[in-house]
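Hi everyone, thanks for coming. Please have a look at the screen, and then we'll walk through it together.

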Amino acid sequence: MQGAQEFLPYCYEAKEPGRREENSDSAYAAALQDRLNKVRAEVELQAKVAQSLKRDLDEVDSQAKQKHEELRELRHAWAKEQISREALLRETGETERSLAL
């Protein structure tokens, strides 16, 4: 291939072909370090968000358990009062029949 050159990342491109500049190496290292710092910051932020979501989830779970217990108690009370409701309905039906006659 005519005019083909060896591939070098942009930060390694030297003014003189075949020679890397020292400041390019340090610029590349600095760029990598900067990127690493940004990635670490993003991971820390995501960890904080995940922890916040976990706390929210735990709170919602606790509320759901509390509501479930309240519902269980209401169902128990409803079932316990079934006999008195049936008696009241019977009495009401008898009273309506007697008034209708």
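Let's begin with a term: a salt bridge is a side-chain nitrogen of Lys or Arg within 4 Å of a carboxyl oxygen of Asp or Glu. What we have here is a predicted model, where local features need pLDDT of at least 70, side-chain atom pairs count only at pLDDT 80 or more, and totals for chains, interfaces and linings use all residues. Residues are numbered from 1 along each chain as its sequence is written, and side-chain values use heavy atoms, with hydrogens and water left out.

How many salt bridges does the structure hold? There are 4 salt bridges. In one of them, the side chains of Asp34 and Lys38 meet at 3.4 Å, N to O. Both residues lie in helix H1, 4 residues apart, about one turn of the helix. (Helices, H or I with at least four residues, and strands, E with at least two, are DSSP runs numbered from the N terminus.)

Asp58 and Lys54 also form a salt bridge, at 2.8 Å, N to O. Here too, the two sit 4 residues apart in helix H1.

Next, is Lys65 buried or exposed? Buried means under 20% relative accessible area, exposed over 50%, and partly exposed in between, with a 1.4 Å probe and protein chains only. Lys65 counts as exposed because its relative accessibility is 57%. Its salt-bridge partner is Asp61, which is partly exposed at 38%.

Finally, the whole chain: 2 helices and 0 strands, with 5% of its 101 residues counted as buried.
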